[in-house]
Amino acid sequence: MGVTLASSAFGGVTITSFPPSIFNPDTGVMDSTLGIDGFTLEDFEDATLIPGLAIEFLKGGVAGFNETLSQLSNVLASPTVWDGSHVLLNHPTNGFLGLGSASFSTRITFQFSTPALSVGVGLVGFQSLVSNAPLTDHRLIINGLPLPDTLETLAAPNFVGHSRFRNAYLRIDASEGMNITSIGFENISFAELLEFDHLAVQYVCEPATLPLLLLGCIGAAILARRRATD
Ligand SMILES: [Ca+2]
Ligand SMILES: [Ca+2]
């Protein structure tokens with residue numbers, strides 16, 4: 001079902017996309033298909049983010065904002081989800097009502113203070129140029145590096161642009177010796193609504209309190225992966 005789209009050419013990551021039809025309200029079944037069993041999950045059902053995760057909302061222009069939050073003040077109740085009944089919205093308030101049509105982030109970035117080996121995320125409401133209500137295509141930015149093609153191109157044919165429905169689920173895996181510290185989604189030509197859900201992270205190790213423990217953990221994780229691939 002999944003399609004492998006890109007490999008080390010993109011800053012040491014492989015991107016795998018899954019179509020909206022992969023959704024299953026039984027997340028255990030869905031997670032097995034997505035290859036995210038055992039990952040740390042952020043379901044956005046509350047305003048508390050999992051350890052190691054912060055979210056940056058970036059908007060240029062006169063009336064813009066630029067905020068990085070380690071906790072949210074709100075979450076958005078949504079008719080279309082990848083789990084539960086709430087999602088993350090690309091606005092720092094995470095409240096849809098009262099927002100103007102052009103008040104969304106130009107870019108939203110998931111930041112991992114503990115490096116990750118793999119990250120998965122479900123997308124909703126991306127109004128791509130080929131869609132039911134076209135507004136803009138989108139760019140994926142991994143570890144600060146913008147990928148050369150649009151998200152729509154990278155994730156084709158599994159990506160479905162739509163104003164209200166699920167678009168695709170993405171799993172981004174670091175190549176051996178690499179890790180993921182941030183994943184950003186950018187509106188290319190129009191700051192439109194973006195929704196995210198069922199964020200799944202496989203950290204190099206659990207967010208540690210001591211840098212020395214973290215270093216040891218990274219070494220152990222690399223060794224473990226070498227053994228697994230030998
Ligand atoms: Ca949460
Ligand atoms: Ca949810």
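Colleague: Which residue stands opposite Phe185 in β12?

Modeller: Ile108 does. This is a predicted model. Strand β8 (residues 107-124) is joined to β12 by six bridges, and the two run antiparallel.

Colleague: What makes β8 and β12 a pair?

Modeller: Pairing needs at least two DSSP bridges. Six bridges join β8 to β12, so they count as paired.

Colleague: How do you know that β9 pairs with β12?

Modeller: The cut-off is again at least two bridges. Strand β9 (residues 138-142) has five to β12, so the two pair. They run antiparallel. In β12, Glu186 is the bridge partner of Arg139.

Colleague: Why is strand β12 called largely enclosed?

Modeller: Six of the eight residues of β12 (residues 180-187) are buried, so the rest of the structure largely encloses this strand.

Colleague: Why is His198 called buried?

Modeller: Buried takes 20 or more C-beta neighbours within 10 Å. His198 has 25, so it counts as buried. His198 sits in strand β13 (residues 195-203). Its phi is positive, about 55 degrees, although His198 is not a glycine.

Colleague: Why is Asn143 called partly exposed?

Modeller: Asn143 has 18 C-beta neighbours inside 10 Å. Asn143 lies in the loop between β9 and β10 (145-146). Its phi is positive too, near 55 degrees.

Colleague: What makes the bond between Ala156 and Pro157 cis?

Modeller: Omega is about 0 degrees there. Pro157 is in the loop between α2 (151-155) and β11 (166-174).

Notes. Residues numbered from 1 in each chain as written. Chains lettered and ligands numbered in written order. Predicted model: local features only at pLDDT ≥ 70, side-chain atom pairs only at ≥ 80, totals over all residues. Buried ≥ 20, exposed ≤ 12 C-beta atoms within 10 Å, placed from the backbone. Helix = DSSP H or I, 4+ residues; strand = E, 2+ residues; numbered from the N terminus.
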